[in-house]
Amino acid sequence: MYYPVFGPFVLKMNAEIGMITSSLASGVPIFERFFIGGINTVRGFRPYSLGPRIQVPVSPDPGAQLFSFRKGGDKSLFFNWELEFDLLKAMMIKGVFFIDAGNAYDDDENYSLTNMRAAWGFGIRWYTFLGILRFEWGIPFSPQAGEQPIVFEFNIGNSF
């Protein structure tokens, strides 16, 4: 949804919900699952970094160390709110402030607004003949251990 607020300011809002099921006993294959995080879903987090994880050994050795493997979810929910405005109108350069929230949920989890991860940030968008060049910096509201305090991302394409 796009809504002109006043002057050059445009409020943009997006909400996406997803669910996938499988008739296979093994469930939904990993390549079909939802991976959330990054410039096209929840900015402020590394791409595909949010959602369910499992502990997996680093080698076939029974005593091998375990690492956290992203397995993705069979459900996803995320929201994006943006305030876009002209910076250099003649050059088609715009600024943006945003707040994103979302997560992917495992087979045994339900959608939950309380388990969502959220971030805020700002960016610059340059509307060119190639597409929209997006330069965006996202900052998680409460980063967890191992997460970066600020994530820069670049993309060529629309926001939502």
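## A first look at the chain

Of the 160 residues in this chain, 38% count as buried, where buried means under 20% relative accessible area, exposed means over 50%, and partly exposed covers what lies in between (1.4 Å probe, protein chains only). The model is a predicted one, so local features need a pLDDT of at least 70 and side-chain atom pairs count only at pLDDT 80 or more, while totals for chains, interfaces and linings use all residues. Residues are numbered from 1 along each chain as its sequence is written, and side-chain values use heavy atoms, with hydrogens and water left out.

The chain has zero helices and nine strands. Here helices (H or I, at least four residues) and strands (E, at least two) are DSSP runs, numbered from the N terminus. Starting from that end, the elements read β-β-β-β-β-β-β-β-β. Taken along the principal axes, the C-alpha atoms fill a box of roughly 65 × 30 × 30 Å.

## Salt bridges between strands

How many salt bridges does the structure hold? There are 14 salt bridges, each one a side-chain nitrogen of Lys or Arg within 4 Å of a carboxyl oxygen of Asp or Glu. One of them joins Glu84 to Lys12, with the closest N and O atoms 3.1 Å apart. Glu84 belongs to strand β5 (residues 75-88) and Lys12 to strand β2 (residues 9-19), so this pair ties together parts that are 72 residues apart in sequence. Glu84 counts as buried, at 5% relative accessibility, and Lys12 also counts as buried, at 6%.

Another salt bridge links the side chains of Asp74 and Lys75, at 2.8 Å from N to O. Asp74 and Lys75 are both buried.

## A bridge that reaches into a loop

Arg117 and Glu147 form a salt bridge too, and their closest N and O atoms are 2.8 Å apart. Arg117 sits in strand β7 (residues 117-128), whereas Glu147 sits in the loop between β8 (131-140) and β9 (151-156), so the pair ties together parts that are 30 residues apart in sequence. Arg117 is buried, with a relative accessible area of 13%, while Glu147 is partly exposed at 25%.

## The largest pocket

Rolling a probe the size of a water molecule over the atoms shows where empty space is left. On a 1 Å grid over the protein atoms alone, a pocket is an open set of points where a 1.4 Å probe fits, with protein on both sides within 12 Å along at least five of seven lines. The largest pocket has a volume of about 340 Å³, a volume being the space filled by probe spheres set on the points, which are joined across faces, edges and corners.

Which residues lie nearest the centre of this pocket? They are Ser49, Leu50, Arg53, Arg117 and Glu147, out of 21 lining residues; a lining residue has an atom within 4 Å of a point. The lining divides into seven nonpolar, eight polar and six charged residues. In this count, Ala, Val, Leu, Ile, Met, Phe, Trp, Tyr, Cys and Pro are nonpolar, Asp, Glu, Lys and Arg are charged, and the others, Gly among them, are polar. Strand β6 (residues 93-105) gives the largest share of the lining, three residues.

Ile30, Phe31, Ile54, Val58, Phe67 and Phe69 make a nonpolar surface patch of about 560 Å². Patch residues have over 30% relative accessible area and no salt bridge, and nonpolar side chains (Val, Leu, Ile, Met, Phe, Trp, Tyr) are joined within 5 Å. The areas come from the Shrake-Rupley method with a 1.4 Å probe. Phe67 lies in strand β4 (residues 66-70) and is partly exposed, with a relative accessible area of 36%.

## Some residues in loops

Tyr48 is not a glycine, yet has a positive phi of about 60°. Tyr48 is in the loop between β2 and β3 (53-57) and is exposed, at 51% relative accessible area. Met92 likewise has a positive phi, near 60°; Met92 is in the loop between β5 and β6 and counts as partly exposed at 41%.

Lys89 also lies in the loop between β5 and β6, and at 63% relative accessibility Lys89 counts as exposed.

Methods. Patches are made of residues with over 30% relative accessible area and no salt bridge: like charges are joined within 9 Å, nonpolar side chains (Val, Leu, Ile, Met, Phe, Trp, Tyr) within 5 Å.
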